[in-house]
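Hi,

Here's the structure I said I'd pass along.

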Amino acid sequence: MQNADVIYFIESELFEFQLNLQNNYKDLAGSALKEVQELIEYYRESGELKEKDYKKYKQIADTYALGMVNYHH
């Protein structure tokens, strides 16, 4: 998979997370965020995600993860 395809896939998963978060679906948002984090790590380890993109999406995921700590309905 090319880097652009990987980024598109990660962006799609982030969008799903954001939709679930906006609709107050805490469990689904948490699952989607975990999926995003796993994808970021997987594609980095496989070499399909460039380091600069890895850092960008890792920071986004980490920021959302911190926000989810105190997220309540």
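A quick definition before anything else: helices here are DSSP runs of H or I with at least four residues, numbered from the N terminus. Also keep in mind that this is a predicted model.

On that basis, the elements run α-α-α from the N terminus on, so the count is 3 helices and 0 strands. The radius of gyration is 12 Å against the 11 Å from the globule rule for 73 residues, so the protein is as compact as a globular protein of that length. The C-alpha trace spans about 40 × 20 × 15 Å along its principal axes. Of the contacts with a separation of 6 or more, 67% are between residues 24 or more positions apart. Buried residues come to 30% of the 73, and carbon and sulfur atoms hold 52% of the roughly 5,000 Å² of accessible surface.

Now the charges: there are 8 positive and 13 negative side chains, with the centres of the two sets 7 Å apart. The structure has 3 salt bridges:

- Lys58 and Asp62 pair up at 3.1 Å, N to O. They sit 4 residues apart in helix α3 (residues 51–69), so about one helical turn separates them. Lys58 is partly exposed at 28%, and Asp62 is partly exposed at 31%.
- Arg44 and Glu51 have their closest N and O atoms 3.4 Å apart. Arg44 is partly exposed at 36%, as is Glu51 at 37%.
- Lys52 and Asp53 come in at 3.8 Å. Lys52 is exposed, at 61% relative accessible area, whereas Asp53 is buried, at 8%.

Cheers

Note on methods:
Residues are numbered from 1 along each chain as its sequence is written. This is a predicted model: local features need pLDDT of at least 70, side-chain atom pairs count only at pLDDT 80 or more; totals for chains, interfaces and linings use all residues. Side-chain values use heavy atoms; hydrogens and water are left out. Helices (H or I, at least four residues) and strands (E, at least two) are DSSP runs, numbered from the N terminus. The radius of gyration is taken over C-alpha atoms; the globule rule is 2.2 Å times the number of residues to the power 0.38. Buried means under 20% relative accessible area, exposed over 50%, partly exposed in between (1.4 Å probe, protein chains only). Contact means heavy atoms within 4.5 Å. Accessible areas come from the Shrake-Rupley method with a 1.4 Å probe; for residues, only the protein chains shown count as cover. Lys and Arg count as positive and Asp and Glu as negative; His and the chain ends are not counted. The place of a charge is taken as NZ of Lys, CZ of Arg, CG of Asp or CD of Glu. A salt bridge is a side-chain nitrogen of Lys or Arg within 4 Å of a carboxyl oxygen of Asp or Glu.
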